Amino acid sequence: MTTALRIVVGDDQPLTLEGVAHVLREAGFDVVATARDAVDLVRKARAHKPDVVVTDIQMPPDNTDDGLRAAQTIRHELPDIGVLVLSQYLEARYALDLVGDRAGGVGYLLKHRVGDLAILTDAVRRVAHGGSALDPDVVQQMVGRRRRDDPIDQLTPKEREVLGLMAEGRSNQGIADHLVVTVAAVERHITAIFNKLDLRRTAEDQRRVLAVLQYLRR
Amino acid sequence: VPHAVTDLDGWTVGAEDVLAAVLQSVAQPIWVVDPEGLIRFANPAAVDTLGYAEVGELLGRHSHETIHYRRPDGSAYPASECPMLLPRTTGETVARDVDWFFRRDGTMFAVSYVSVPIAMPGGRGAVVAFIDIEDRLRAEAVLHDRDAVLTQDQAALRRVATLVAQGAEPAHVFSAVAREVGRLANAQMVLMSRYEPDGTAIVIGAWGDHPLRAGARWTLDGPSISATVLQTGRTARFDDAPEGPGAIADVARDLGVHSRVGVPIVVDGRIWGVVAVGATDRRSLPAGIETRLEEFTELVATAISNSQAHEDLRRLAEEQAALRRLATLVAQCAEPRLVFDAVCEETGRLFAATTVNLAHFTPDGFNLTIAGWSLRKVHVPTGTRLPLEGDTVNNVVRRTAAPGRFDSYEGASGELAARLRRLGIRSEVGAPVVVEGRVWGALVAGTDEPVPLPAGTELRLAEFGELIATAVSNATSRAELVSSRARIVQAADEQRRRVVRDLHDGAQQRLVTAVIALQLAQGRDDLSPEVRALVDTGLGHAGAAIDELRDLAQGIHPAILTHHGLAAAVEALADRAPLPVEVEISDERYPSTVESAAYFIVAEALTNVAKYARASTARVTARQDEGRLLVTVEDDGAGGAALRPGGGLAGLGDRVAALDGTLSIESPVGAGTTIRALIPLPDLT
């Protein structure tokens with residue numbers, strides 16, 4: 001391991017804040033600062049220029065979605081910093097608001113994922129390296145949204161699964177690993193999905209995530 | 001000449017003696033013409049009437065050349081054409097009703113004559129008897145003139161009566177009367193005025209070359225003819241130029257009026273008004289004109305009385321009916337706006353106003369137009385907010401807290417007066433709307449006619465002002481009730497949000513912390529397999545508890561509703577729904593109580609759709625509709641749904657009712673279900 005990823009953590013609850021920081025340290029990350037409110041979080045992100053900011057949504061000063069807005073500010077102002085939001089809300093709207101029109105360096109996980117070290121560390125790394133990591137449950141909600149005359153209904157169960165994994169922000173390799181199939185098989189599925197959904201192919205992961213998310217939110 | 005005798009009742013008298021005596025004494029002028037046409041005899045009456053001193057001046061002169069030589073138009077009158085001399089040749093008697101003779105001094109006079117043939121020694125002569133008919137002709141001429149005047153008067157009266165019978169506008173009738181009177185009296189100035197209770201008079205009809213026109217109000221001070229008529233109750237006449245101050249006197253002086261007659265218009269025993277006539281020449285207003293004007297005003301008064309009595313009755317009935325209708329509306333607790341509009345329209349029609357407005361006097365000194373009606377869409381628009389300053393009836397009413405009037409906005413100050421002028425409103429009456437002892441506003445009726453609304457209209461308007469006050473105070477207490485119920489709903493919402501916040505800050509955080517602790521424990525190398533299994537189980541339960549708690553919090557009050565509003569929250573519901581749900585809601589934010597009510601209605605409705613409707617799709621819409629939020633949830637399912645007491649939707653109906661809204665359900669069997677909620681949005685004014 002070369003240099004550990006540098007992280008700033010934001011959460012207004014001291015117990016959770018300490019817990020999350022602890023888990024991240026245990027996972028080998030370098031927690032350089034913590035913040036108890038959204039204003040402080042932005043300030044510390046500017047000061048420390050960490051690799052990733054991990055933050056809660058509901059925080060002071062307004063105690064509404066201040067953490068989410070702080071995350072958006074940081075993404076806009078400091079695009080090199082990855083942002084991972086730990087949310088208690090299973091709402092596609094928040095995740096999509098966070099992603100906006102750039103699917104790189106961004107993640108949205110439900111808060112209890114801090115209990116699953118593998119998912120958490122994987123998400124932090126992907127976000128740090130310009131990838132994206134959306135919570136499987138949130139993605140499932142988007143893919144599962146029922147629509148009339150929905151082309152998604154034409155997908156096979158496997159293809160639906162691949163579509164969800166693409167939305168989560170996984171690479172072809174990542175999808176292949178997850179499904180325990182070959183990358184070539186994954187690519188075949190993807191071709192089929194893009195044809196059925198009439199989506200334009202794009203080689204680049206981030207653009208693909210954005211295209212898929214936009215399709216799901218149409 | 002044979003000696004004849006005549007018997008005078010037994011007395012034998014010489015006939016010639018009798019004849020001579022009769023001719024000498026009779027007042028009838030008589031003369032005798034011989035066959036040559038020369039005068040042979042003339043009695044004293046004839047000599048005198050023809051202007052001669054003695055008979056000698058006439059005897060032997062040619063009759064025609066002496067008294068009959070010209071025609072009345074001055075042309076020559078040859079003797080050969082004279083019928084008076086005809087009996088000499090024809091032997092027939094000739095009679096003329098009208099002819100002209102000349103006196104000695106050459107003057108001409110009218111006569112009536114008879115010419116009778118008489119046998120004379122040299123042939124036939126004629127005896128002419130005539131009478132002076134000058135006086136008779138003069139009398140006839142006078143009579144003829146009088147007939148002409150009477151005919152003229154009757155025609156004028158008939159014209160006016162016809163107008164009245166045709167139901168012409170009073171203003172039209174009055175101006176016609178003024179014109180007729182002006183012509184009849186050959187006057188320079190006619191003013192018909194109505195006496196007002198406040199010591200003024202209003203011109204209701206005018207005629208002549210002067211600036212006073214119907215609608216002008218003037219004060220009855222000074223020795224004017226109209227003031228005199230009012231004081232005495234009788235016809236008055238002044239044969240001089242008016243003296244003293246006053247607009248009327250100035251106008252009369254300008255016209256050079258030297259003779260004035262005023263005749264009262266008495267309606268139902270009361271001095272209602274006056275017809276004043278002025279002329280520059282007193283011969284224009286001859287003695288007797290008063291009688292003619294009185295006859296005239298008598299008819300005018302009758303017409304006014306008839307129309308007024310009829311009008312009064314009709315108006316009273318209409319007024320009572322309108323009051324009853326509006327009172328019913330108020331009692332039904334109809335929306336104040338409805339009541340306001342109805343009152344404006346009813347009073348407008350009732351009082352024949354051009355426009356009626358309801359103004360509210362705001363606590364910060366503004367005049368806010370709340371409702372309005374107008375005959376020709378010319379009222380001050382609803383929502384107009386102007387400072388309460390300047391000359392308006394609104395201000396008069398506010399100051400006095402009593403009905404009032406403003407008879408001319410000509411030259412009145414302030415923006416409201418200027419607007420009224422631009423709209424053509426000339427005068428207004430107003431009545432206060434008093435709510436809980438304070439002048440809340442005014443009900444104001446205006447007209448674009450030159451004649452202001454009749455005296456007393458403001459008092460009658462006051463009854464409607466009271467109805468408005470009742471409606472306002474009903475609405476206020478109702479609004480208080482609604483707002484207190486809304487406060488309860490709001491408090492309940494707030495409580496739900498607090499519960500959710502507490503869950504998030506407390507239980508959820510602790511569970512997350514527990515998960516983290518278990519996670520850290522799981523990372524340890526020194527756990528026995530049994531303990532590791534227990535930690536795994538603990539992690540699983542804690543994770544499930546977090547999920548369940550999240551769903552619970554979402555059900556109590558979803559954060560997304562608070563954070564992002566109705567559209568986002570309903571989209572979130574659609575994300576979870578087991579059937580396609582189309583959502584048409586704008587991102588607009590509404591008051592939280594409204595958003596919550598709308599959200600929970602949609603949530604409950606969608607739950608029901610999923611459970612019972614056997615629908616393939618549902619559609620949710622929300623949009624603003626006349627100050628309310630209209631929410632609909634429709635599906636294409638089996639229908640037959642109803643609001644069951646105690647059911648989830650019925651509970652939401654109560655919640656909507658607390659916000660003064662309504663919830664309805666339409667669900668014909670086999671044709672889907674539509675749930676519709678109307679939730680009032682708080683008034684932005």
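Predicted model: local features only at pLDDT ≥ 70, side-chain atom pairs only at ≥ 80, totals over all residues.

Analyst: Residues are numbered from 1 along each chain as its sequence is written, chains are lettered from A and ligands numbered from 1 in the order in which they are written, and side-chain values use heavy atoms, with hydrogens and water left out.

In chain A, six strands make up an open sheet with parallel pairing, and their order across it is E2-E1-E3-E4-E5-E6. Strands here are DSSP runs of type E with at least two residues, helices are runs of type H or I with at least four, and both are numbered from the N terminus; two strands pair if DSSP finds at least two bridges between them. At the edges stand strand E2 (30-35) and strand E6 (132-134) of chain A, each of which pairs on one side only. On average, neighbouring strands of this sheet are turned by 20° against each other, direction ignored.

Within the sheet, E3(A) and strand E4 (residues 82-87) of chain A run parallel and are joined by four bridges; Val53(A), for instance, has Val83(A) in E4(A) as its bridge partner. Helix H3(A) packs on the sheet and touches E3, E4 and E5 of chain A, its direction making about 170° with that of E4(A). Contact means heavy atoms within 4.5 Å, and the angles, which run from 0 to 180 degrees between N-to-C directions, come from axes fitted to C-alpha atoms, for helices over the stretch in contact.

The loop between E3 and H3 of chain A deserves a separate look. Pro61(A) is found in this loop, and a cis peptide bond, with omega of about 10°, joins Pro60(A) and Pro61(A). A salt bridge is a side-chain nitrogen of Lys or Arg within 4 Å of a carboxyl oxygen of Asp or Glu, and over all chains the structure holds 51 of them.

Further along chain A, two helices meet. The axes of helix H7 (residues 157-168) and helix H10 (residues 205-216) of chain A come within 8 Å and cross at roughly 115°. H7(A) contributes Leu163(A), Met166(A) and Ala167(A) to the contact, and H10(A) contributes Arg208(A), Val209(A), Val212(A), Leu213(A) and Leu216(A). In the loop between helix H9 (183-197) and H10 of chain A lies Asp198(A), which has a positive phi of about 60° although it is not a glycine.

Chain A also meets chain B, in a contact that takes 34 residues from chain A and 35 residues from chain B. Five salt bridges are found across this interface, and in a salt bridge between the two chains the side chains of Glu571(B) and Arg145(A) meet at 2.8 Å, N to O.
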